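Me: I would like to learn how to read a protein model. Please take it one feature at a time.

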Amino acid sequence: MPSVKNPNKPSKNRLAARAAKARKTARAASAAGQSKVSIQDKQRGAKSGLLPTSGPRAAVSKKKAKKLEQRARLNLRRRVELGLVEIPGGGEVEMQDVAPAGGKEKEEMDIE
């Protein structure tokens, strides 16, 4: 004799599997209707298409970007010191006089 009360019903495992499958299909159907980018993807820089989290197309973190900028600056400095690259203008900054903000001094224009 079977040890269950009613042997003509699906087992608990089958019921759980059926419910899980229904949840999965419902979630997929509702996600298909939405065309929005998740919060994690936005933080990573995704806009129209999703970016991968690894590989060459992955977004660069702020820390890594700072390090890459620093490397580029040091590399440029070394190349300038070796004479391989020349900075336009000689790399010197010229100071320009600026008229006072109050506008007390006005220049007269000669109209002839």
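Me: What should the 21 residues of H3 span at 1.5 Å a residue, and how far apart are its end C-alpha atoms?

Reply: This is a predicted model, where local features need pLDDT of at least 70, side-chain atom pairs count only at pLDDT 80 or more, and totals for chains, interfaces and linings use all residues. Residues are numbered from 1 along each chain as its sequence is written, and side-chain values use heavy atoms, with hydrogens and water left out. Helices are DSSP runs of H or I with at least four residues, strands are E runs of at least two, and both are numbered from the N terminus. The expected span of a helix is 1.5 Å times one less than its number of residues. For H3 that gives 30 Å, and the end C-alpha atoms are 30 Å apart, which agrees.

Me: How many helices and strands does the chain have?

Reply: The chain has three helices and zero strands, in the pattern α-α-α along the sequence.

Me: What comes just after H3?

Reply: Glycine 83, which takes a positive phi of about 85°.

Me: Is valine 80 buried, partly exposed or exposed?

Reply: Buried means under 20% relative accessible area, exposed over 50%, and partly exposed in between (1.4 Å probe, protein chains only). Valine 80 lies in helix H3, residues 62-82, and is partly exposed at 31%. Lysine 64, also found in helix H3, is partly exposed at 47%.

Me: What share of the chain is buried?

Reply: Buried residues make up 4% of the 112 residues.
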